[in-house]
Amino acid sequence: MKSMWVEDDAKRYIERYAQHGVNADIALRVYTSRLLGRDPALVLHGGGNTSVKTQVNDPMGRPTDVLCVKGSGWDMADIEPAGLPAVRLAPLLELRGLPKLSDEDMVNIQRCNLLDSSAPNPSVETLLHAFLPHKFIDHTHAIAVLSVSDQPDGAALCDQLYGKRMGRVPYIMPGFRLAKKAAEVYEADPTVEGLILEKHGIFTFGDSAREAYERMIAHVSTAEARLQKNRKPVFVPAQLPARVATAAEIAPILRGLLAAGGGQRMILEFRTNPAILNYVNGREVERYSQVGVVTPDHNIRTKNWPAVLPAPDATDLGAFRTGAAAAIERFTARYRAYFATHNQRQDPPKVELDAVPRVVLVPGVGLFGVGASASAAKIAADIAENTVQTITDAEAIGRYECASEADLFDLEYWSLEQAKLGKGKEARLARRVVVVTGGASGIGRATAAAFKQEGAEVAILDLPGESLTAAAKALKCLGVPCDVTDPKAAKTAFAAVAQALGGVDIVVSNAGRAWQGKIGTVDEQVLRDSFELNFYGHQRVAQAAVDIFAKQGFGGVLLFNASKQAVNPGPDFGPYGLPKAAVLSLMRQYAIDHGPQGVRSNAVNADRIRSGLLTDAMIANRSQARGVSEKTYMSGNLLEKEVTAEDVAQAFVSLALADKTTGAILTVDGGNIAAALR
Ligand code: ZN
């Protein structure tokens, strides 16, 4: 591990933050916190913390000694001074004299001594930082240190490795008791450069930001070097089926099983690489993967252990489903038993969290992170990848072991840890995966944005190119290239969505384009081209979707963008209206044939939309062709109101939410009796 300290960068931080009235100590604290936070080998997603002891003015303008320590909810990778709330130091130091201190009192006292009442809660490890005298203190969960410490003889290994340079603190849950113990270990030998917290992580300290940071790099490098010596080969691979199924094939099956028994739907994030495969394919994966998390606070994101599924034989997915269901049931039973056992000593008793795994290992395939949102699933997957490396290295030099199950339970159910996750009411379409075809522009793009707004995970499918990439980036959606006139493209695109997010819940089949021609003389090729996109495109998309719905087993929603042409044909619009009329029948056919599996199928009949699809020139042409003024065309409806792409998008959202509605057509045109359904 190399130091990333750059003297010029450090100076720039000091100058930049000075302009905002931030002192040099805090500017440098921001700088090295980011250096630590950006290396996944050191910390992940809000893990770890840093502090600096400095002076700032209190609200009365008096210079005051404070501890600026990482605030809960901030990630070191992009921390700002606001993420390092200033706490008056003297009252924190006084606490050390207490024989004990409850978590609630600790949090309260820390908050009462903030200089800014709106600051975030100081880290749960604030008192540890306060009780050590050093100006700069860095704390990480470096994976190399964990690989060495997470061993039955981890303490002896650390002593051998670090000698007198580092103090060693036995495992104690974060909070007041750990803070006191760490200070005692330091005071027993004040020459140490830091502390190894057994089965938890590492602290380093120094008089300057650079010294504390460089010591972190040096001591983690020592552990890394140790892991390269006397390695034994890991792991012996198990036998795999001749043809292993792909992640895209099994993800919807897994997603269905995770929600089995009335559970909530989850979003999945798939990962694979040679290191992951080496780990999940190991003959003993059921042993080393089930020991527990590499550092305790990971279990609020991943639970203590992953579920391990059987290797999926591509020629017998039915057998995989049976085996996977049994594996998930075993996980659930084990989690419930773990809760029951450790909840016995809780007073008051804790409320059991859901028993759904957050990490799933699949031999031959890779691993899945599982979460209520794509971002939670990604965090679980990042931690799981980190765990793969930590445990692989631990097993290469010995045998992996972590903190006790009781200790892990205390952390998982610690109110201060649960508070980090934040609990709000979920958005209406949270945990739903929505696919919008033709999603890069116009109605499709507005629809993707509307579903995003409702909390859904959205994938937009459109022709490959710049506009798809730009729309996906702007909407923070998954962008998947797909030409629905290519018979194989829809299946491939839906497989990509299933691999990226786990499955599909709602499909807005929107891609379309208008062809014109007088029906008595139009070239047959024009009609065929229009049917290819405006009918077969919808059929291919719907077919790919119901295949995934069937694997998941919890139904699904098909939404078609029909057109006024399907109901109320306009002159010379036959090539467009005919396939759109067929789409209305298609919608009803899906409602009939797939209703028994819980699939709802509905359509929106939209007309006179002002959107990116219709340029002003096109509108002028159309209205000329009809002999009406432009204004009449846009708002010549009963309500005399302009209809926008956003209005159509809201109609799709309404139909997605209408749980008891299928085979219906929702009209969005401001009122046009000639196009009213009868
Ligand atoms: Zn920690």
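**Entry 1: domains**

Domain bounds here come from an automatic or database domain assignment. I am working with a predicted model, in which local features need pLDDT of at least 70 and side-chain atom pairs count only at pLDDT 80 or more, while totals for chains, interfaces and linings use all residues. Residues are numbered from 1 along each chain as its sequence is written, and side-chain values use heavy atoms, with hydrogens and water left out.

I looked up the assignment and found domain 1 (7–227), domain 2 (247–421) and domain 3 (433–675). The C-alpha centres of domain 1 and domain 2 are 29 Å apart.

**Entry 2: the whole chain**

I noted that the C-alpha trace spans about 95 × 65 × 50 Å along its principal axes. I found 25 helices and 20 strands; these are DSSP runs numbered from the N terminus, helices being H or I with at least four residues and strands E with at least two. Of the 678 residues, 55% count as buried (buried is under 20% relative accessible area, exposed over 50%, partly exposed in between, with a 1.4 Å probe and protein chains only).

The accessible surface comes to about 28700 Å², and carbon and sulfur atoms hold 53% of it. Those areas are from the Shrake-Rupley method with a 1.4 Å probe, and for residues only the protein chains shown count as cover.

**Entry 3: where domain 1 meets domain 2**

How many residues of domain 1 are in contact with domain 2? I read off 26 from domain 1, in contact with 28 residues of domain 2 (contact means heavy atoms within 4.5 Å). The area buried between domain 1 and domain 2 is about 2400 Å², with 62% given by carbon and sulfur atoms. In domain 1, His45, Ile143 and Tyr171 lose the most area to domain 2, together 23% of what that side buries. Buried area is the accessible area (1.4 Å probe) that two parts lose on being put together, summed over both.

I also counted one salt bridge between domain 1 and domain 2, a salt bridge being a side-chain nitrogen of Lys or Arg within 4 Å of a carboxyl oxygen of Asp or Glu.

**Entry 4: salt bridges**

The count comes to 33 salt bridges, and I followed some of them up.

Lysine 199 pairs with glutamate 401, the closest N and O atoms being 3.4 Å apart.

Aspartate 393 forms a salt bridge with arginine 231 at 3.1 Å between the closest N and O atoms. I placed aspartate 393 in helix 15 (residues 374–397) and arginine 231 in the loop between helix 9 (209–227) and helix 10 (247–258), 162 residues apart. Aspartate 393 is buried at 11% relative accessible area, whereas arginine 231 is partly exposed at 34%.

Lysine 303 and glutamate 412 meet in a salt bridge (3.9 Å, N to O). Lysine 303 sits in the loop between helix 13 (299–302) and strand 9 (307–308) and glutamate 412 in helix 16 (residues 405–412), so this pair ties together parts 109 residues apart in sequence. Buried or exposed, I wondered, is lysine 303? Lysine 303 counts as buried at 5% relative accessibility, and glutamate 412 is buried too, at 1%.

I also found Glu269, Arg271, Lys378, Asp382 and Glu385 linked in a salt-bridge network.

**Entry 5: a nonpolar patch**

Leu638, Leu639 and Ile673 make a nonpolar surface patch of about 360 Å². Patches are made of residues with over 30% relative accessible area and no salt bridge, like charges being joined within 9 Å and nonpolar side chains (Val, Leu, Ile, Met, Phe, Trp, Tyr) within 5 Å. I located leucine 639 in the loop between helix 24 (630–635) and strand 19 (643–644). Leucine 639 is exposed, with a relative accessible area of 59%.
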